[in-house]
Amino acid sequence: MHQHLELPSEWDGNLWHYRNQGRIHAMHHHTELEFNLVAQGAGVYLLANRKYRIRRGDLLWLFPAQEDVLIEQTLDLEMWIG
């Protein structure tokens with residue numbers, strides 16, 4: 001599923017603070033480069049049928065058109081997503 005971020009044309013990017021809210025995520029991709037900096041907690045991403053564990057202090061790069069989904073997360077997971 002292609003996720004359109006709807007960034008204003010004059011912006012080079014954006015930054016979001018993510019907190020686990022118990023939602024189930026869908027496999028998706030977008031045209032922008034993405035990073036996830038884990039501030040607290042832990043989780044598991046599925047990228048091209050391979051699982052990657054993330055925890056506090058990890059920096060995960062997700063490349064344009066790369067399908068990804070957060071499949072597991074601790075209750076206290078917090079990330080900065082840019």
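**The salt bridge and its surroundings**

Me: What makes Glu78 and Arg19 a salt bridge?
Reply: The closest N and O atoms of Glu78 and Arg19 are 3.5 Å apart, and the rule asks for a side-chain nitrogen of Lys or Arg within 4 Å of a carboxyl oxygen of Asp or Glu, so the pair qualifies. By this rule the count comes to 1 salt bridge. A word on the source: this is a predicted model, where local features need pLDDT of at least 70 and side-chain atom pairs pLDDT 80 or more, while totals for chains, interfaces and linings use all residues. Residues are numbered from 1 along each chain as its sequence is written, and side-chain values use heavy atoms, leaving out hydrogens and water.

Me: Is Glu78 buried or exposed?
Reply: Glu78 counts as buried, because its relative accessibility is 17% and buried means under 20% (exposed is over 50%, partly exposed in between; 1.4 Å probe, protein chains only).

Me: Why is Leu33 called partly exposed?
Reply: Its relative accessible area is 45%, so Leu33 falls between those two limits. Leu33 is found in the loop between strand S1 (16-19) and strand S2 (34-40); strands here are DSSP runs of E, at least two residues, numbered from the N terminus.

Me: How do you know that S2 and S7 pair?
Reply: S2 and S7 are joined by 4 bridges and run antiparallel; DSSP has to find at least two bridges, so they pair. Gln40 stands opposite Glu78 in S7.
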